[in-house]
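Good morning, and thank you for making time for this presentation.

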Amino acid sequence: MTDSFKMDNIPFSLLTPEEQAAVEASLDLEYYQQGEKIITAGEAPEGVYIILKGRVRESEAGEEDQHVYVHYEDEDYFGGWSSLRGKAIHDFTAEEETICHILPTKVLIDLIQTNALFADYFQQNFSAKTEIVAQHSRNQDMAEFMLSKISSATVREPLVVEEGTSIRQATALMREHKADCVLARKGGRYGMVTGTDLLDAVVLKEKPLDGDVSEIASYRLVTADPEDYLFNALITMTQQQIERVVVMSGQEMVGIVELTDVLSYFSSHSHVIGLRIERASSIEELREAAQGLNDLIKALISTGVKIRFTMDLLAAMNGRIIAKLFDLTIPSDMQPHVCLIVMGSEGRGEQIMKTDQDNALIFRDGLSWQSMQETMQRFSETLISFGFPPCPGNIMVSNPQWVNSVGDWTQKLSDWADSCEGDAQMNLAIAVDAKPVAGNQALFKVARNWFLRHLRNNDVFFSHFAKAAIEFDTPLTFFGNIRDRDELDIKKGGIFPIVHGVRTLALEHRILATNTYERIQALVDGGQLRDDNGKDISEALSLFIQLRLRQQIRRVEQSEDGFDPTPNLIELHKLNKMERDLLRDALQIVKGFKKHLSLRYHLGG
């Protein structure tokens with residue numbers, strides 16, 4: 001009877017082996033004809049019903065003109081709350097021939113009383129549910145790694161030398177201790193000296209061997225807190241192009257974590273790709289390195305790495321590819337006078353699968369560069385050859401409209417803000433997510449800071465700008481069920497309302513972060529969002545992106561050209577019971593957030 005019952009589905013996978021054995025021993029199996037009442041409103045159910053085959057509707061009590069609240073299908077369960085209350089308030093009816101496992105009410109109550117996680121799943125909010133799912137999935141080992149702290153890794157005791165130690169002495173100490181770096185203490189500061197630094201100092205700069213090693217140290221250390229996540233250390237190393245970080249607890253030196261320490265926890269080849277990117281001396285070598293990213297994405301997702309960490313790492317990798325291409329393409333004498341920016345999802349650091357290019361170039365007022373547009377055309381074409389598709393709206397540096405002096409760029413931002421209609425609003429939304437990735441970043445910051453001052457206390461602008469966040473309907477019925485049975489556009493229904501709504505709030509409060517998660521946290525810290533609301537919105541966004549990504553990967557693998565023509569489509573029949581439940585809860589969070597925006601910006605409706 002119980003061979004067909006899937007115990008590895010949440011919440012039953014949260015049970016101990018003994019509890020699962022008790023469930024199996026108590027399960028019954030029932031068959032229902034089409035149209036037959038399984039639970040009648042006002043009566044006490046037998047227990048929790050888990051559908052083996054068929055389809056059940058939950059509807060308002062009564063025979064005619066019933067409002068249907070929710071549909072349940074294979075592996076869904078229903079009747080739990082009715083069992084705990086002692087009677088049902090709705091009817092549950094088989095819409096087709098249906099077979100259900102039944103877990104008796106007494107066993108359900110016993111499990112809730114003895115298993116806190118099982119109870120929490122029925123009782124907690126959305127963010128708690130997603131955390132339970134993350135920590136008890138089939139990929140629990142990887143999930144545990146993602147929560148590992150730096151302090152749990154091999155934090156190496158640093159080799160510290162005092163000011164006045166000679167280069168010869170420092171080299172001897174490094175050999176004696178088999179270390180590849182030392183920390184030179186000068187006053188109250190620490191500076192790092194690596195083996196490469198010693199070689200450069202002696203061979204290239206011809207420093208005397210008796211010279212003070214503290215004079216060649218780098219005092220701009222990249223540090224991390226021991227309670228930070230180990231995976232963040234890997235992201236930092238990738239972003240900063242380094243192989244070690246100094247661990248500091250406040251002002252106290254704790255030690256050093258090296259790349260090899262992190263990779264001993266995390267076997268992905270991400271840093272290998274990063275090294276290939278940095279060592280690329282030609283566009284062809286860079287292209288070969290970039291092509292390894294899709295395999296990295298699949299590896300991260302298949303091993304259960306959290307979507308937030310995946311986005312952070314891939315954003316760092318994409319940024320390095322684009323910056324390296326900038327170095328290989330833009331003449332060195334022009335690089336200090338221009339700034340390359342990425343916008344949209346790339347600017348927010350929320351792009352995983354390569355999507356449309358959104359980039360622009362800002363150059364110094366009065367710059368004379370004859371071949372500028374020809375070079376930008378070549379830059380865009382090369383990115384396309386790397387697998388970054390062209391933007392359908394032509395928002396790329398190959399389009400002269402997106403290559404501007406500082407003065408022209410600030411004027412465009414002002415004009416778009418003053419209009420804030422149609423294309424102007426779309427362009428502005430893309431531009432305010434901009435992030436500099438190569439060249440002279442000061443050019444970008446001048447324009448951004450001017451624009452923020454321009455918008456100060458402009459309530460009319462923010463009211464118009466926020467409208468787009470509530471433009472698309474949330475795909476839920478009046479009674480909270482997912483409206484579309486087969487498929488939905490998750491960008492319109494879930495991702496865009498969160499991203500644009502948070503973007504509007506962040507712009508109003510002059511938050512410089514572009515990443516949506518960082519913006520949410522800044523809004524919570526500033527008292528503009530409640531902490532629980534911020535967590536729920538963040539978790540909902542992560543769920544939408546994760547569901548979309550999994551289906552994107554499957555469609556790309558099945559296509560002949562490796563392209564997904566419907567990247568934002570969620571095929572609902574491909575989701576399991578848990579994913580459908582979480583999707584429904586997440587869309588409810590979007591609905592509540594849109595209501596908050598409507599009240600905040602007086603949007604009505």
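By convention here, an angle under 35 degrees counts as roughly parallel, over 145 as roughly antiparallel, 65 to 115 as roughly perpendicular, and the rest as oblique. Those angles run from 0 to 180 degrees between N-to-C directions, and the axes are lines fitted to C-alpha atoms, for helices over the stretch in contact.

This is a predicted model, in which local features need pLDDT of at least 70 and side-chain atom pairs count only at pLDDT 80 or more, while totals for chains, interfaces and linings use all residues. Residues are numbered from 1 along each chain as its sequence is written, and side-chain values use heavy atoms, with hydrogens and water left out.

I begin with the overall figures. The protein has 24 helices and 20 strands, where helices (H or I, at least four residues) and strands (E, at least two) are DSSP runs numbered from the N terminus. Of its 605 residues, 52% are buried; buried means under 20% relative accessible area, exposed over 50%, and partly exposed in between, with a 1.4 Å probe and protein chains only. The accessible surface comes to about 28,100 Å², and carbon and sulfur atoms hold 47% of that area, as given by the Shrake-Rupley method with a 1.4 Å probe. Among contacts (heavy atoms within 4.5 Å) with a separation of 6 or more, 72% join residues 24 or more positions apart.

Now to the helix pairs. How do helix α12 and helix α14 lie relative to each other? The axes of α12 (residues 283–290) and α14 (residues 307–329) cross at roughly 170 degrees and come within 10 Å, and the two helices are therefore roughly antiparallel. From α12, Ile-283, Leu-286 and Ala-290 meet Ile-321, Lys-324, Leu-325, Leu-328 and Thr-329 of α14. By class, this contact has six nonpolar residues, one polar and one charged. The classes are as follows: Ala, Val, Leu, Ile, Met, Phe, Trp, Tyr, Cys and Pro are nonpolar, Asp, Glu, Lys and Arg are charged, and the others, Gly among them, are polar.

The second pair is α17 (residues 406–419) with α19 (residues 441–455), packed at about 30 degrees with axes 9 Å apart. That angle makes α17 roughly parallel to α19. On the α17 side the contact includes Trp-409 and Leu-413, and on the α19 side it includes Trp-450 and Phe-451. Its residues divide into 10 nonpolar, three polar and one charged.

Gln-425, Leu-428 and Ala-429 of α18 meet Phe-461, His-464 and Phe-465 of α20, a set of four nonpolar, two polar and no charged residues.

Helix α20 (residues 459–466) also holds Ser-463. Is Ser-463 buried or exposed? Its relative accessibility is 18%, so Ser-463 counts as buried. Apart from neighbours within four places in sequence, Ser-463 is in contact with Tyr-601 and Leu-603.

Ala-94 is buried, at 1% relative accessible area. Beyond its neighbours within four places in sequence, Ala-94 has contacts including Tyr-32, Ile-38, Arg-55 and Val-56. His-71, 23 residues away in sequence, lies 9.9 Å from Ala-94, C-alpha to C-alpha.
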